[in-house]
Amino acid sequence: MEKKKLRIGLIGTGFMGRTHSNGFNRITNFFPNLAYEPVMQAVCSRNEEKVKAFAEQWGYASYETDWRKLIARDDIDAVDICTPNDTHAEISIAAAKAGKMILCEKPLSRTLAEGEEMVKEIEAAGVKNTTWYNYRRLPAVTLAKQIVDSGKLGRIFHYRANFLQDWTISPDLPQGGAGTWRLDVEAAGSGVTGDLLAHCIDTALWINGGITDVSAMTETFIKERVHTESGQVQKVGIDDACLFHCHFENGSLGLFESTRYARGHKALYTFEINGEHASLRWDLHDLNRLEMYDHADESIVRGWKSILVTDGDQPYMDKWWVPGLSIGYEHSFVHQAADFLKSLETGEPCSPTFREALQTQKVCEAVIDSAKQKQWKDTNVEWP
Ligand code: SOE
């Protein structure tokens, strides 16, 4: 059967541009039953030499150096936004007005107000949309969601998550520009809260439901940095580290920590969920493993068991190799791209939609406000 085409226009050729391109490139081989196939139609970035090389490397048929031109093209169905956070609103709103479907890299926006405007415009335009929160689509994380949804854990008491890195410890690192825009509050909106905790919050909302209120503390360890473009020393406006605790709608308590100053940790994302009957824990460094303690096991063999998530019965794994053989980080993007194509077929939304990603923004904003004002803050999250 001839497949329908989804002609992709990618904007941004950094780290995320590569992960998404790799995701689209692998779909047709590994998800052969989808009715749609992605077509790498065009890629856009300001530097012509670099964007041309990127197009050749990743198989895009053409390139642009102005995103407005890419959006105006009739031969693009979906715009994939992989540019820094300060461009998400402008590009996605323009793309929606041009009637394009939109895939936007996380976090949705810099601020809640910006995110609300995006959701309003995208929903008014009625275009299909999704936000890339890739970690949900690692098979072990999806399995954790399935186990919680099955009721096996019973009542949930605790949800805790960490996302620890160490790449910004040096005071010599500049802020702003390629590579270091995540340190510049103007470009990023916030520091670890929007960049790293947003992942933890998205996974937590998805698995454990709405977060009602938060109490947070943040710290900026390095107070001044040189701006890459101006060369001027500037005040640092981002949170270098953030801790918060919260209540979930289901009555459980949440504890979250993120920093880019945990020497030795490059990308340690972990979560643990404790329920009445069973607990689950997961660690990105061993991403195909889900650990579970089940109190229903016979007492003499009761203990933490280690589930290697590589079996064809487990989420997404029927698409890959044979049981026991692993997949990696990049597959989370293949899965999200495949789920987006599948959603075109079924007419269902592809979660997290912009509206769902806005709920993560609400938690992020409440966290930042709580830390600034030293007060508990309601999130006003609407979940689901
Ligand atoms: C930051 O270092 C970063 O690249 C985030 O921007 C990503 O979202 C995260 O997955 C890994 O770390």
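UniProt positions follow the numbering used here, and its annotations may be inferred rather than shown by experiment. I keep that in mind throughout, and I note that this model is predicted.

**Entry 1: the record.** I looked up the domain first. UniProt, in an unreviewed entry, lists residues 143–281 as "domain: GFO/IDH/MocA-like oxidoreductase". I checked that stretch in the model. Its chain is 20% helix and 37% strand. The end C-alpha atoms are 11 Å apart.

**Entry 2: the sheet.** I traced an open sheet of nine strands with mixed pairing. I wrote down the order as β16-β15-β14-β13-β7-β12-β11-β8-β17. Which strands are at the edges? They are β16 (304–308) and β17 (377–378), and each pairs on one side only.

I then zoomed in on one pair. Strands β13 (residues 268–275) and β14 (residues 278–283) run antiparallel, joined by five bridges. Here E272 stands opposite R281 in β14. I reminded myself that strands of a sheet pair through backbone hydrogen bonds.

**Entry 3: helices on the sheet.** I found helix α6 (residues 139–149) lying across β13, β14 and β15 (289–294). Helix α6 runs at about 165° to β14. Helix α8 lies across β7, β8, β11, β12 and β13. Its angle to β7 is about 155°.

**Entry 4: the core.** How many residues does the largest nonpolar core have? I read 100. Those with the most contacts inside it are I102, A144, L197 and V367. Helix α8 (residues 192–208) gives the most to this core, with ten residues.

Leaving aside neighbours within four places in sequence, I102 is in contact with several residues, including V79, I81, I122 and V127. S92 and N129 are also among them.

Methods
Residues are numbered from 1 along each chain as its sequence is written. This is a predicted model: local features need pLDDT of at least 70, side-chain atom pairs count only at pLDDT 80 or more; totals for chains, interfaces and linings use all residues. A nonpolar core is a set of buried Ala, Val, Leu, Ile, Met, Phe, Trp, Tyr and Cys residues joined through C-beta atoms within 7 Å. A residue is buried if 20 or more other C-beta atoms lie within 10 Å of its own, exposed if 12 or fewer, and partly exposed in between; C-beta atoms are placed from the backbone. Helices (H or I, at least four residues) and strands (E, at least two) are DSSP runs, numbered from the N terminus. Two residues are in contact if their C-beta atoms, placed from the backbone, lie within 7 Å. Two strands pair if DSSP finds at least two bridges between them. Axes are lines fitted to C-alpha atoms, for helices over the stretch in contact, and angles run from 0 to 180 degrees between N-to-C directions.
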